[in-house]
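Please look over the structure shown here together with the notes that follow, which are arranged as numbered points.

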Amino acid sequence: MLAEYVAPFLFRLQERGYARPSIDRYRAAARGFATYVDRRALRREQVAPQVLEAYARSLARSFRRHQGCPISSDYREQRIQAVRPFLRYLTAQGVVTHFPFPQRRDPCAVPGYEELIADYARFLREHRGLRPSSIDVHLLHVGGFCRNVLALPPDLKRDLSPSRIYRHLSARARRLAPGSLRQVQMVLRSFLRFLHLTGRLDRDLAPCLVSFRVWSLSRVPRSVSHEDLERAFRDTAGDTHRDLRDRAVLLLLAIYGLRIGEVARLRLEDIDWRAEQLAVRGRKN
């Protein structure tokens, strides 16, 4: 049964220094997939990419049943991607063998820069005290920077300039979200400081990387402020049938914490007016 491998998988994540929200997300994904496989009494050798595709279809049906609307492609892909670390762990343990995960590229294996990147990793570990997972992120970005920007043979004083650094960031900006690009910039700033502290650069180029602004309203907010909620209630303060309906929906969402799908599935027979009770069908645990 795959469920018995969930706890060791989570322990591995803790050893790697994953943050608590990430561990919680991977825990839910691993448990969901393991439960799906175990309930169908599938053997380990039967766990293949087709099973993951069937699990994705099952997620879509469950989402439609509970939320009353089809699942978006982005959210579906996010749920499936959260399962992949668990599958990668099972593959590494030899539990499943039908997922051909490619070997991850060693960030230190950049021809001509192996020793430099290894020294930077040692600096992050011994002097800055970063967790292994954070060090992996730093080395991933630094390895790509050395591979795509610097030339061979290594000559940092010749190759590194603010213009070349910004060309690299501009190329990454085409594929990264603002938050991810900001992380790349933070890593490069740390790497440039390391090069200056260790005498590999005559001047510190880190101040050349001026932080850019990530606008707070550039994405859909995760929660609604009290001011916005009060404005929504003011907009539905009338006595028309539409205002009464909208105000009831807002109360169920904001005060009672119901989900959109749970509100959409409510029927008159779900309301016990005498007992002042509301029956919520298919409540998510």
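**Notes on helices and charged pairs**

1. Among the elements that cover the buried residues of α6 are α5 (114-126), α8 (162-173) and α9 (178-197), where contact means heavy atoms within 4.5 Å and helices are DSSP runs (H or I, at least four residues) numbered from the N terminus. The buried residues of α6 include I135, L139, V142 and F145, buried meaning under 20% relative accessible area, exposed over 50% and partly exposed in between, with a 1.4 Å probe and protein chains only.

2. This is a predicted model, in which local features need pLDDT of at least 70 and side-chain atom pairs count only at pLDDT 80 or more, while totals for chains, interfaces and linings use all residues. Residues are numbered from 1 along each chain as its sequence is written, and side-chain values use heavy atoms, with hydrogens and water left out.

3. Helix α6 (residues 132-148) has 17 residues and should span 24 Å at 1.5 Å a residue, which agrees with its end C-alpha atoms being 24 Å apart; the expected span is 1.5 Å times one less than the number of residues.

4. The count of salt bridges comes to 9, each being a side-chain nitrogen of Lys or Arg within 4 Å of a carboxyl oxygen of Asp or Glu. D159, which counts as buried at 3% relative accessibility, forms a salt bridge with R158, the closest N and O atoms being 2.8 Å apart, and another with R164 (3.7 Å, N to O). R158 is partly exposed, with a relative accessible area of 49%, and R164 is partly exposed at 27%.

Notes:
Helix = DSSP H or I, 4+ residues; strand = E, 2+ residues; numbered from the N terminus.
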